[in-house]
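These are my notebook entries on the structure shown below.

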Amino acid sequence: MAELAGNKPRRLTATFVVAAAMAVASPVLGLAAILIWAGLPDEWTPMLILSPQSAVTFTFPAVGAFLIHHRPRLNMAWLMCVGGFAAAVSDVSNALMFHAAAHGEMVPAGWLRVPTQLGWAVCGLTLTMVLPLYSPDGRLPSKRWRPALWLGCVAIGAATVRYVFRMPPAPGTTPFPAIIPNPLQIPALAPYMGVITTVSWAGIYTAMALAALSLAVRMRRADPAGRRQIGWPLLAFAGYIFFLVLGAIWPVFMWPAIAWAAAIPFAVAFAVMRYRLYGIDTVISRAFVAAGVVVVVSLVYFGAGTLSSLVVSGYDQVAGVAAALFAGAFFQPLRRALQRAMDRLLYGAVGDPGLLAERLTQAVRGADPARALTSVVSVLRDGLAVEGVAVEVADGEPRYVESGRVGPDAREVPLVWHGARVGRLLVGPPGPRRFPAAHNERVLATLTPYAADVAHAVRMAADLQRSRERILTAREEERRRLRRDLHDGLGQTLSAMAMTINMARLSLKSSPEAADELLRELHAGMSAVTSDIRELVYGLRPPALDDLGLARAVRDLAARSSPGTEVEVEVEGDLEDLPAAVEVAVYRIVQEALTNIGRHAEASRARIALQREESVLRVLVADDGKGLPESHRAGVGLGSMRERAAELGGICVVTGEPGAGTRVEVMLPLLTAGPLART
């Protein structure tokens with residue numbers, strides 16, 4: 001065992017040396033083939049000297065050696081190395097065959113036909129059939145795909161037999177000066193060569209299509225991470241087959257096939273090692289959207305330019321400007337339409353965030369906030385195709401709504417409404433869908449504002465309910481206090497005064513001095529009653545509002561605030577005919593804000609602004625103090641300010657960064673403002 005363990009590193013090193021040798025030799029042979037082609041006379045140079053096989057020699061062995069260095073037992077890496085090296089051997093043998101024929105050495109040229117074809121066969125079998133069947137984990141999807149592998153072997157073998165043992169063409173039927181002989185020709189196969197050619201190439205294209213289909217089947221059955229992994233080689237092989245078929249019909253498409261063949265090993269490497277870092281759905285979506293925009297805008301531009309040049313002949317500049325404007329008008333709508341189409345293609349029925357937003361709007365429109373929140377969670381779960389989605393609303397009712405199973409490792413997305421955080425969105429692990437990456441971000445960017453609006457509505461509904469409960473409680477408590485004060489205080493005092501009056505009447509004739517003493521006590525009791533009544537009145541409404549008016553009452557509050565803080569009061573507009581409830585709310589809010597400044601702000605300056613508009617009264621109380629702490633929680637004072645504003649249908653927002661002061665902004669509607677509002 002120790003001996004075996006000692007030999008293992010040398011064996012792994014030897015395998016990497018072999019792979020590295022192929023990675024170096026293949027591009028050298030490919031470059032040699034290009035140089036040989038460049039030195040041939042024109043009459044011996046084929047029309048197409050480069051093919052996808054030429055690109056394979058430069059990229060496949062290098063990427064394969066890289067993968068072998070990191071994963072020595074990865075069979076796909078060896079397929080890439082062997083297939084790339086075989087392509088290099090085929091290319092250089094083909095170039096040497098024409099070089100030998102150009103110099104009159106026909107016999108060596110004929111024998112070079114054998115390595116040319118064998119290299120082509122090994123390259124085609126390993127890279128276009130076996131490699132996609134075994135991607136990305138180095139195993140067949142199942143035993144049912146073995147016939148596809150056998151079909152590829154038989155088809156490649158038949159094409160090789162046909163090429164190696166065929167009869168040379170008749171003189172004058174080729175564009176070259178002479179016919180290269182075939183030392184292995186079998187005349188008996190000549191009648192069957194046409195059938196062998198048709199059957200073999202049909203089998204080759206079928207096997208290639210089945211190999212790509214195996215990747216599609218893998219992706220359909222895989223989990224989200226597996227789909228991202230398989231998406232890379234599937235895109236590469238599907239694109240290569242597409243352009244290869246087009247290149248067989250129209251030779252101009254052979255160049256895209258060459259470029260696509262060069263990119264296949266990088267896609268396989270991504271699938272094996274780095275697929276989690278690159279969103280294949282993003283690449284596919286952006287590539288197709290960009291290509292579609294370029295093609296359609298180009299067609300629109302040239303079509304508009306041609307049409308305008310015919311209509312306004314002789315005005316080429318006008319035609320060019322018209323074509324550019326027409327094409328530019330198509331750009332943004334076309335990009336959006338293509339993006340929606342790609343989203344639906346990649347992600348299915350829930351692939352269009354716009355449709356999800358419309359569905360969410362319809363669900364929210366006819367429901368109360370609590371039910372609307374349930375609809376938001378359901379639509380988000382469908383749109384993101386995850387196992388569960390939950391929304392947690394700060395101080396809301398319901399506070400937490402969940403659809404499916406979020407799990408302990410849920411992704412948290414903050415819900416922000418006009419700068420204020422109203423809750424958070426929890427996104428669970430991805431469920432069974434084609435891709436889980438970039439589309440989630442588009443769905444979240446589209447639907448999160450809707451979720452924030454609904455969460456804010458839920459929060460406001462809960463605040464409204466709590467405010468109603470507090471108002472009812474406060475009203476009943478105030479009634480209880482008034483009853484107690486009237487019964488126990490004022491009532492008892494008046495009863496005692498009535499008894500004193502009776503006693504004074506009885507003693508008025510018999511003892512005037514005693515009656516006079518009782519009347520003096522009665523006078524003192526009347527003063528106490530007056531004081532009690534004044535306290536009751538002051539508790540119902542600040543007397544300063546009636547004595548001074550709102551503006552002067554606020555200035556009086558500012559003058560009596562903390563002596564270490566300079567308070568500036570600004571009044572804009574007429575504040576004389578405000579509703580009584582608005583005056584009390586503003587006075588109490590300013591009073592509470594000034595109290596907080598004196599107790600907590602440590603401010604040197606403060607500013608109070610009252611601004612009367614046509615239908616709204618705005619109040620601002622700002623200071624230059626230490627601001628609100630990061631872990632700030634609203635206390636009784638801030639809560640009472642918000643409640644007073646909410647009672648009148650207004651809003652009260654308290655903001656402040658640490659060290660930047662605090663701002664209390666209030667907006668109260670004045671729909672009932674006017675002289676009659678005070679009656």
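I looked up the burial of helix α2 and found that 14 of its 19 residues are buried, so it is largely enclosed by the rest of the structure. I took buried as under 20% relative accessible area, exposed as over 50% and partly exposed as in between, with a 1.4 Å probe and protein chains only. Helices (H or I, at least four residues) and strands (E, at least two) are DSSP runs numbered from the N terminus.

The model is predicted: local features need pLDDT of at least 70, side-chain atom pairs count only at pLDDT 80 or more, and totals for chains, interfaces and linings use all residues. Residues are numbered from 1 along each chain as its sequence is written, and side-chain values use heavy atoms, leaving out hydrogens and water.

I then checked the course of α2 and noted a bend of about 30 degrees at phenylalanine 58, with proline 61 following within four residues. The bend is the angle between axes fitted to the seven residues ending at a residue and the seven starting there.

Next I looked up aspartate 463, which I found in helix α14 (residues 438–507). Aspartate 463 counts as partly exposed because its relative accessibility is 27%.

Of its 679 residues, 41% are buried.
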